[in-house]
Amino acid sequence: MNYTQSIGCYVELECMCSFIKLGYTCCIPYGNDAKYDFIADINGKFIRIQCKSPVLIKDTKDRNVVSSLMLSLRNATTNTKETVTHGYTEDQVDYFATYYNDNTYVIPIKDTGSSSFTLRLIEPKNNIGNDMFHAAEDYKIENVFNESKEYLDSKSKYDNRLIHRDDKEDSYCTNCGCSITGEGITGLCIDCWHKMTRKAERPSKDELEKMIYTIPFTTIAKQYDVTDNAVRKWCKSYELPYKKSEIKQQNNGNQ
């Protein structure tokens, strides 16, 4: 992959990430026949996006400042004989998208109407070319597509949880002393909580191993006031055999 292709892939990924951050789903076409790079699901409406790497145009007075972004809206197809360039139609693409300096810009194809499109980051200081002036601010993705209410609500709840967690002091289990997270009122870690809420005290591994070879599971269950399935779970947790065939085979092998 050459440098130009790498830049194109980078711009495409950043544009998709911008749609995803707004709570929209993105779909990538299978194969190379589509004229668009991906589809964005905007509240149930599918729009086709073609991404373009911007050409940075420097300010005439300060060459350290990028004044505008120029997008070439032509596509080149190369075969064994020649390279053919062609534009895009509204039957092929709905929006063009580009990315620069942490901002994604989306332009409806109906706003283009030529082989190139220029987004001005800085307003011209004179009236020359003002009829071709397209303020980049107007084409920022967040200004073109409003964030969905459902996403904003969930994002707000998530941000509030993060703020609350950042303000919360570190907590430790009152039983074993290990660090715990969350807002539980028990003051216990998950392991200690399970031990404290266990209905029946289970036998140790050695005790259970001796019993399963001499006593039926139903009898063991009655002794501890649990079900025989609970006894099987104890065996699994201790990595002991819990099937009759396995236990019988072990008994025969020990004889």
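Q: Does K140 count as buried or exposed, and at what relative accessibility?
A: Let's start with one residue of this predicted model. K140 sits in the loop between β10 (116-120) and α2 (141-144). Buried means under 20% relative accessible area, so K140 counts as buried, at a relative accessibility of 15%.

Q: Which residues does K140 touch, not counting residues up to four places away in sequence?
A: Contact means heavy atoms within 4.5 Å. Leaving out residues up to four places away in sequence, K140 touches N103, T104 and Y105.

Q: Which residue does K140 meet in a salt bridge?
A: Look at the side chain of K140, which takes part in a salt bridge with 3.3 Å from N to O. The partner is E137.

Q: How many salt bridges does the structure hold?
A: A salt bridge needs a side-chain nitrogen of Lys or Arg within 4 Å of a carboxyl oxygen of Asp or Glu. The number of salt bridges in the structure is three.

Q: How many residues apart in sequence are the parts that D94 and R48 tie together?
A: D94 lies in the loop between β7 (83-86) and β8 (95-100), while R48 belongs to strand β3 (residues 45-51), so the pair ties together parts that lie apart in sequence by 46 residues.

Q: Is D94 buried or partly exposed?
A: Buried would require a relative accessible area under 20%, and exposed would require over 50%. D94 has a relative accessible area of 21%, so D94 is partly exposed.

Q: Which residues of helix α5 (residues 205-212) are buried, and over what arc?
A: The buried residues of α5 are L208, M211 and I212. They lie on the same side of α5, because the arc they cover around the axis is only 90°.

Q: What word describes how α5 lies relative to α7?
A: The axes of α5 and α7 are 11 Å apart, and the two helices pack at an angle of about 125°. Angles over 145 degrees would be roughly antiparallel, and 65 to 115 roughly perpendicular. That angle therefore makes α5, relative to α7, oblique.

Q: Which residues of α5 and α7 make the contact between these helices?
A: α5 passes α7 in a left-handed crossing. On the α5 side, the contact is made by K205, L208 and I212. On the α7 side, the residues are V231, W234, C235 and Y238.

Q: Where is I215, and which residues does I215 touch, not counting those up to four places away in sequence?
A: I215 is in the loop between α5 and α6 (217-223). At 23% relative accessibility, I215 counts as partly exposed. Not counting residues up to four places away in sequence, I215 touches I220 and Q223.

Q: What is the phi of N101?
A: N101 belongs to the loop between β8 and β9 (103-108), and is exposed with a relative accessible area of 56%. N101 is a residue other than glycine, yet its phi is positive, near 55°.

Q: What is the phi of D102?
A: D102 is also found in the loop between β8 and β9. D102 is exposed, with a relative accessible area of 64%. Although D102 is not a glycine, its phi is positive, at about 70°.

Q: What percentage of the residues in the chain is buried?
A: Let's finish with the whole chain. Its secondary structure comes to eight helices and 12 strands. Of the 255 residues in the chain, buried residues make up 29%.

Methods:
Residues are numbered from 1 along each chain as its sequence is written. This is a predicted model: local features need pLDDT of at least 70, side-chain atom pairs count only at pLDDT 80 or more; totals for chains, interfaces and linings use all residues. Side-chain values use heavy atoms; hydrogens and water are left out. Buried means under 20% relative accessible area, exposed over 50%, partly exposed in between (1.4 Å probe, protein chains only). The arc is that of the directions from the helix axis to the C-beta atoms. Axes are lines fitted to C-alpha atoms, for helices over the stretch in contact, and angles run from 0 to 180 degrees between N-to-C directions. Angles under 35 degrees count as roughly parallel, over 145 as roughly antiparallel, 65 to 115 as roughly perpendicular and the rest as oblique. A crossing is left-handed if the near helix is turned anticlockwise from the far one by less than a right angle, and right-handed if clockwise.
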